[in-house]
Amino acid sequence: MNGFGAFRLLREALRGQTGWEPQWRSPERPQPTYDVVIIGGGGHGLATAYYLAKQHRVGRIAVLEKGWIGGGNTGRNTTIIRSNYLFPESAALYDHAVQLWEGLSQELNYNVMFSPRGVLMLAHNVHDEQSFRRHVHANRLAGVDNEWLDAEGCRAFCPPLDIHQQRYPVVGGALQRRGGVARHDAVAWGYARAAAALGVDIVQNCEVIGITRGADGAVTALSTSKGEIRTGKIGVVAAGSTSLVMAMAGVRMPLESFPLQALVSEPVKPVFPCVVMSNTVHAYISQSDKGELVIGAGTDQYPSYSQAGGVQILSHTLEAICELFPMFRRMRMLRSWGGIVDTTSDRSPIIGLTPVPGLFVNCGWGTGGFKATPGSGHVFAATIARGEPHPIAAPFSLDRFATGRLIDEAAAAAVAH
Amino acid sequence: MVELRELPPFRCTLLQASAEVAATLGHRLPAPLTATDAMLWLGPEEWLLLEDVVPPSGPASLVDVSDRYRALAVRGAGAPALLNEGCPLDLADAAFPTGHCARTVFGKAEVILWRPGADEWRILVARSFAPYLLALLHEALADLTAT
Amino acid sequence: MTRLASGGRIDRTRPLHFSFDGRAYTGYAGDTLASALLANGVHLVGRSFKYHRPRGIFSAGVEEPNALVEIDRGPGQREPNVRATVVPLVEGLVARSQNRWPSLRFDLAAAAGLASSVLGAGFYYKTFLGPGRDAWHKRWEPLIRRMAGLGRAPEAPDPERYANRYAHAEVLVVGAGPAGIAAALRAAESGARVVLCDEQAEFGGSLLAEPDAWPQLAADIARLRANPLVTLLPRTTAFSYGLQNFVALAQVIEAANGLRERLWQLRAGRVVLATGALERPIPFSGNDRPGVMLADAARQYVLRWGVLPGRNIAALVAHDTGYAAAFALQDAGAAVAAVLEMRATAPAALLTEAVRRGIRVLPNHGIAGTRGGHRITGLLAAPRNGDGAPDASRATPVACDLLLMAGGWTPSVHLFSQARGRLVWDSALDAFLPGKAREAVTCAGACAGEGLTPGLPVTLLAAGSARAPKAFIDPQNDVTTRDIALAVREGFRSIEHVKRYTTNGMATDQGKTSNMLGLAVVAGELGRSVPEVGLTTFRAPYTPTSFGAFAGRHRGLLFDPVRTAPLHDWAVGQGALFEPVGQWQRARAFPQAGEDMLAAVARECLAVRNAVGIFDASTLGKIEVTGPDAALFLERCYVNAWQKLGIGRCRYGLLLREDGFIYDDGVVGRIAADRFHLTTTTGGAARVLHMLEDYRQTEFPELQVWLTSTTEHWGVIALQGPRARDVLTPLVEGLDWADFPHMAVAECRVAGVPARLFRVSFSGELGFEVNVPASQGPAVWQALLRSGTPHGITPYGTETMHVLRAEKGFIIVGQETDGTVTPDDAGLTWLIGKAKTDFIGKRSLVRPEMLRPDRRQLVGLVPRDRSTLPDEGAQLIASAASRVAEGHVTSAYRSATVGHPIALGLLAAGRARLGETIFATNLSGPATPMEVVAPCFVDPKGERLRG
Amino acid sequence: MLLIHCPWCGDRAELEFRHCGEAHLVRPADPAALDDTQWAAYLAFRDNPRGWARERWRHVHGCGRFFNALRHTLTDRFAATYKPGEAWPEPPI
């Protein structure tokens, strides 16, 4: 892998950009045997492969992607990054990710455009205020940055914000300054490039169609649209498709997959300096470096794998945006898209071992997976390599649904991811 | 032209019972999705009675809900266009003929809508949603013929 | 002047004045901004996104990538990125160019173009990696952001209105060109409801540039207009085609009364897509200069708008329709310098006609480059090599002021694809066409390929261009053929990857003219065919659609219903402070002159403790549970035992979810053997009814029980305080006071109004809740106030209610509980019916996690200094230096009754820690030492409420 | 926005409905007899199929009834809706 950087860019400019090689190796066919096979070539899967190779020196690793890498939720989200979760287990997981985000461009030698411009979560009533202040207290105790702003403070931080809306005036907000956004595609490509440089095979257009288990129940192989692969360890990182893949190994999951839509406006000059989220009026918004307002909607109400959702969901979201930012009514929606998000009943992810030896799963990120990408890959790689949960991943085990040790951020905080 | 006005308060009772028990009321039961002058069909085994009744014989639920609703009347050939500013039902004659009745939504409020006459429409809305619904309808009315 | 003396559909008797970049111009009714600018000789109208290259008018329709302007109709009505080609000219229109500084003609940022060899596709991923970890955010990102972003967002709230309309039709016809009009006429004759929409202000589509067709067009439109079953929607774009023929249309109205747009959501029996086709541009070096225009657009400017966009034109032709454009411009008075025919030979008939007209046709020619700055001045005509690339060494200059591109046609299959219809590659026509449909949809006219003829295949159109400099594919985002080739070289093989890496097709025109060319270049680089490379998916919207149209009337106070209780108006009259609770507005406190909220709450609290307070509790959810099995039903749902509850008695009920956590609570009164009056929290009314209906209908259908929401039927007035009975007694008729203990309910009359009277207390004082029909609420309230005046009756709000209940340690669901709290955590195990084998959530209560001894339990907390009020949400820690949370403060108030701050909290194993000191975190100082106490601060024995 | 056929009211807009999860999950008659894993299976573990799904809806802003549906989760198309207690229809081929 030849390094990226300003000097290389200039040198290539002088020779007509002819020296660039493929950013990652993408073999047409997989090898017959791997030490670890990762199912799912999104950000989480590619990050897992990268850390397996980099930190755990696993030799033969494949990432199998049904379509093109980064084409699932990695490329279909609103790129928000934050770690101000309520419960210490969650805050530890997401803050682990934020710490990795902060050095990720240098780590990968790929500009993922991590932009810690601050994430402001708005409170519109007494209940919101109580809930967010509880977050601030909990986060600061845990060493995670989060601060409370009054309404005027919110407007100062985000000048376009109308804090005096008639219906749900802003009473304050919780601000995480280290939160922000990143360039979603670059995360997948950067991890792919760095993983491939360490020898990881990234096989695109390769769909898994079966998982084989031996007499002892452990995984031994998997069959794909590009042939059989022998392996003793499989990491499933298939987001919305996790239930389907796990069913191939006979494992039923506590998941439902919902459509999640997002949209962007036409590009405009810088007008929006931060990320704003409001749970009470249901919307979140930031502005991309290209100038597009990037806006998130809630999920549709019914499970679906269609990557499409109802126009009423977009309406609902844009109502909220126009309410918070009445000057944006004349802005126009340029593109919308849908992802498939796998959600658990406690709205927290599942990372860890499964009842099947050799089969590991990382799923259930719901609407909040992008922000966790580096941390998720990092702890999942350790979990696969060691065969036991990484300490940060341990609370997110599959058996919590039986023990009742849930990590219910949604119920506790009523906060959208 | 479309006319919108609020109707005076009225008494009403919610009846839930099997059709056999409901039949003992002495009223002709409206067919599903329709209303008579005395009763609105709201769902299977659920009716809104607009006249006082003696309790039916047999297990049934009768609950006075007179103060739950406020009632609006919309009149005129343009009424369906006005109502479709917030209500997703197909209100054409073929789909929603005179005598039809439905619980549905208008904007973000639940309403009961029925059509006692070709150009006559009634809306019942929960009391606390009435100011919202009226404001929406009046704004829509002002825009109905705007070009 | 480039305006022709005659011809076109403009009304020369109605001149309209407008300005562009501050200069005054004149056009005519019927013009678009683009046609009016061209008529005034204005070609330079914008700058591109990345290199700030000069941009002119490229097309005559929605596909326009270049001519983006800002339209300013006044405060809050400034709109960026408007395509000049679709704006109907109106008197006084103010338009400005964008993305340039200091001026359109002299834009300093155009210097970026000098570095274009460095700034290729995806360059930003490869640099800005230092110095330091935050170099991107701190140093480079601000520079990039300033350079990007086209127009300016509006800065003031939009004063105009937007509407929504639901509609149904047997037939929706999208596109009012010849195919659409014919389809609408046919459908209308069958007696169907027909909606015909078109994005343009005038119906006719391609016919609008065919003067011979105008009489018939007028007659057809008149026929449609006369049919009452037909709805005609001009300036209406079908932008989203969803499942089950649900199509969203954005209609521009711009009515004088301030109604700007309407979003139609239309369910159609059948959809006819007559969306036409878009002309393909051609990639060659310098194809982005102002004055380079789609050939058919130039023809339309002549024939529809009476504008001659160039006097000395050249044409690069790969499709026969290019000749029609060249001939039309010649007929209008332009000289034709040359027609460069990319194909080996021009069709004989067209060649003959060209010769007859004296037009020089150069077969097998391409363009090796163009000249000009703010407008094209000439080109280099060059014979094509074997690989299709123009041979620059054999090029000859041709002077021109307008260059037409006729690259063939791409059917507009966007909506068909949005409707999940399959697209099939038609190799004869060299285009994707509608294949198998998933919806009841018909494609008619050019979008189905009808009437289209093949030209040079698109791969040959792009052949050799990948090595040409400055051959633009996406002229708005400045994506060139070389960028696409670079992406392929770097391993981006999927067309979706290429799109994302190069941003091709992601500009405001959504790739209408660039997607096919991008595909062709990728196909060429990979040595594959176009259908093998595949197509990016088409997603809504077809064209960019206003946020306002989506939001409709749901703005300001109509954003969400404002629900108010029967006493709301009275409270407003008293100058109450309000708080939103869900959709409700509730009076929070009633400050008197000179009081702040804290003072008012202290006064209100003392009034309740010492005399009597009156409170509007109408927002509480109420459900009438009736039927012979009503008690059994409640028994199965709530944790409590209900069967033995006497008639006329009440019980505090607790409802869990199946996961064992507290979901809702409220007092339930038994009105009769088969009738219960159940109350819920204000926020829980709808969800509790939904949950109970679920169990009633699907789990316990054998029970004879019914549920009726009576939340809105009853107004509820709470009277709390030692004098409450004194206030009430004179007004009550039909009640046996002797048999009316705490937790009793009776039907009686209050102030002459039929009432359900509860003796319940959420304050710890003697208390009553008077339920009367909501319309009678104000009258009864007034009667109680009058009766209470001698007793010092004091209205109080929700904040006082909260303090009073906290003094007693009563929980509020949603404040003490958060979806993770069990009955035992909240100290409510005593509510659970001991003999019950099952109720909702019971099984979950014995999961291992629920039995842990260190679960967080409800406790009272008092500051050791008796003065510091802890923060609600503060974390509880064992020592001031601890970093480990052991719980949190759920509620904290200054208690006038107790004389110091009090708090409730959830603390690990808290009930065993009474007397301990725990610390509450503080955001602005050291943690506050708190004493752990029992969660009750007033009258722990409960004697007052039995008084 | 889906058009949903309520078994009692006919075709109505999705706005009037609420999705209520997987269908044909019967609440155990004696939850106390289940171990934690079995109880968790009832509470949280779901088919989540890509393909034909049996699911519950409620016509919450209509007739108020709960009913079942057979819907394809890749196309979002309904094959059938049916009343509680009725046998589930076979998926179309």
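## Salt bridges and a nonpolar patch in a predicted model

D:Arg65 is buried, at 11% relative accessibility. Buried means under 20% relative accessible area, exposed means over 50%, and partly exposed lies in between (1.4 Å probe, protein chains only). This is a predicted model: local features need pLDDT of at least 70, side-chain atom pairs count only at pLDDT 80 or more, and totals for chains, interfaces and linings use all residues. Residues are numbered from 1 along each chain as its sequence is written, chains are lettered from A in the order in which they are written, and side-chain values use heavy atoms, without hydrogens or water.

**Salt bridges**

A salt bridge is a side-chain nitrogen of Lys or Arg within 4 Å of a carboxyl oxygen of Asp or Glu. The count over all chains is 112.

| Pair | Closest N to O |
|---|---|
| A:Arg60 and A:Asp35 | 2.8 Å |
| C:Arg78 and C:Glu155 | 3.7 Å |

Helices (H or I, at least four residues) and strands (E, at least two) are DSSP runs, numbered from the N terminus. B:Glu46 is buried at 6% relative accessibility.

C:Arg78 pairs with C:Glu155. C:Arg78 lies in strand β6 (residues 78-83) of chain C and C:Glu155 in the loop between α2 and β8 (161-174), so the bridge ties together parts 77 residues apart in sequence. C:Arg78 is buried at 11%, whereas C:Glu155 is exposed at 61%.

In chain A, A:Arg60 is partly exposed at 42%. A:Asp35 is partly exposed at 31%.

A network of salt bridges also links residues of chains A and C, including A:Glu266, A:Arg330, C:Glu79 and C:Arg260.

**Chain D**

Chain D has 1 helix and 6 strands. Their order from the N terminus is β-β-β-α-β-β-β. The C-alpha trace spans about 40 × 30 × 25 Å along its principal axes. Of the 93 residues in chain D, 55% count as buried.

**A patch on chain C**

C:Trp101, C:Phe106 and C:Leu108 make a nonpolar surface patch of about 390 Å². Patch residues have over 30% relative accessible area and no salt bridge; like charges are joined within 9 Å, and nonpolar side chains (Val, Leu, Ile, Met, Phe, Trp, Tyr) within 5 Å. Accessible areas come from the Shrake-Rupley method with a 1.4 Å probe; for residues, only the protein chains shown count as cover. C:Leu108 is partly exposed at 45%.
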